[in-house]
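Thanks for making the time this morning.

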Amino acid sequence: MSVFDLNKDHKINVECFMNSNIYYINDFYKDPGAVVNFLKDHPPNIHAPEAPMGDASVNGIQFFDYRHTMHLDEVEPVYSYLSNICGQKRKYKHDLLMTNKTKFILNSFNDYKNNYWHPHKDFGYTALIYLNKNDNECGTNLYRSIVPDIHNQLGEHVTPWRSKSKWSIIKTLEPKYNQCVIFDGLKFNHGMSIPNEKYFGDEYRLNQVFFFGN
C-alpha cells in the first residue's frame, strides 16, 4: 500500500471549455489525509527561480512560496494515470513529486483586491490536486489578456501581482479538497486565485502538481 494510492471508485468528469477539455476527478486519493501528513513530514524548499532580468526575489520577504521537488517511486503510477487521461507525455521524470505551498503577508505589496496573481503558461496540460480543507474559493484562475502586460516578464517572485485592468478571469477552477483538475496550461494563462485573506495567516495553500507536454 502506498500513501499515494488512488481511490478506485472515483469518476472523471469532462468539461469542454473554449474548445479545450478540462478534467475533474473528485475523491482522487484513497487517503488524502495521509498525503497531507506525508508532505508535512517532508519539509519543502523555498522556491528560488532565476529572475529573467536579474532582479532580487521577494519570496521569503513579501510572501512564502515553498515547493516539494523530491523523487519518489510511489508517484510514478499517478503520473502515468494522469498522462493517459490528458494524452500528453510527462514533462519531468516519472517519479518527481512536486507541490505548491504558499502563504502571504498582509501588506500593501500583496494587493489582491486590485491585482491578480501571476498570469503565466506552462508546457502543456497541468494537473492540480487541491489539499486544503474548507476552501471553495482560492483555486486557480484562467485569464484572458485585456491589454499587453509588458512588465509581466520580470518573474513570479519579482512582480507577481498584475493589475486587474490588464487581465480578466474567464474561469476559476474550484479548489475542492482531494479533487484533481487537469487543464491546458499552455492554452490558458493561469495563476492562483487569491480573492480573500484565507492564506494571509498561519495556513498555507497547498496542492500537488504534475506537468505534461507534447
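Before I name any element, one convention is needed: helices, taken as H or I runs of at least four residues, and strands, taken as E runs of at least two, are DSSP runs numbered from the N terminus. Please also keep in mind throughout that this is a predicted model.

Let me begin with helix α1, which covers residues 32-41 and whose buried residues are P32, V35, V36, F38 and L39. Looking down the axis of α1, these buried residues fall within an arc of 160°, so they line one face of the helix. On the other side of α1 we find K40 and D41, both exposed. And what do the buried residues of α1 pack against? They pack against three strands, namely β5 at 69-71, β7 at 96-104 and β15 at 205-213.

Now to the cores. The largest nonpolar core has 41 residues, and those touching the most other members are L82, I182 and F210. Two or more residues of this core come from each of β2 (20-25), α1, α2 (76-86), β7, β9 (125-130), β12 (167-173), β13 (180-184) and β15. If we take L82 and set aside its neighbours within four places in sequence, its contacts are I25, F28, A127, C180, I182, F210 and F212. There is also a second, separate core of 11 residues, which includes F63, Y112, W117 and F200.

Next, the backbone. As a reminder, most residues other than glycine have a negative phi. Against that background, N19, which is not a glycine, has a positive phi of about 65°; N19 sits in the loop between β1 (12-17) and β2. H118, also a residue other than glycine, has a positive phi near 40°, and its place is the loop between β8 (115-117) and β9. Which of these is buried and which exposed? N19 counts as exposed, at 78% relative accessibility, whereas H118 is buried, with a relative accessible area of 11%.

I will finish with two further positions. G185 lies in the loop between β13 and β14 (189-192), and at 0% relative accessibility G185 counts as buried. Not counting residues up to four places away in sequence, G185 touches K121, D122, G124, Y125, T126 and H190.

F17, in strand β1, also counts as buried, at 15% relative accessibility, which falls under the 20% cut-off for that term. Leaving aside neighbours within four places in sequence, F17 is in contact with I22, L142, I170, K171 and F188. For F17 and E203, which are 186 residues apart along the chain, the C-alpha atoms are separated by 32 Å.

Notes. Residues numbered from 1 in each chain as written. Predicted model: local features only at pLDDT ≥ 70, side-chain atom pairs only at ≥ 80, totals over all residues. Heavy atoms only, no water. Buried < 20%, exposed > 50% of the residue type's maximum accessible area, 1.4 Å probe, protein only. Arc of directions from axis to C-beta. Contact = heavy atoms within 4.5 Å. Core = buried A, V, L, I, M, F, W, Y, C linked by side-chain atoms within 4.5 Å.
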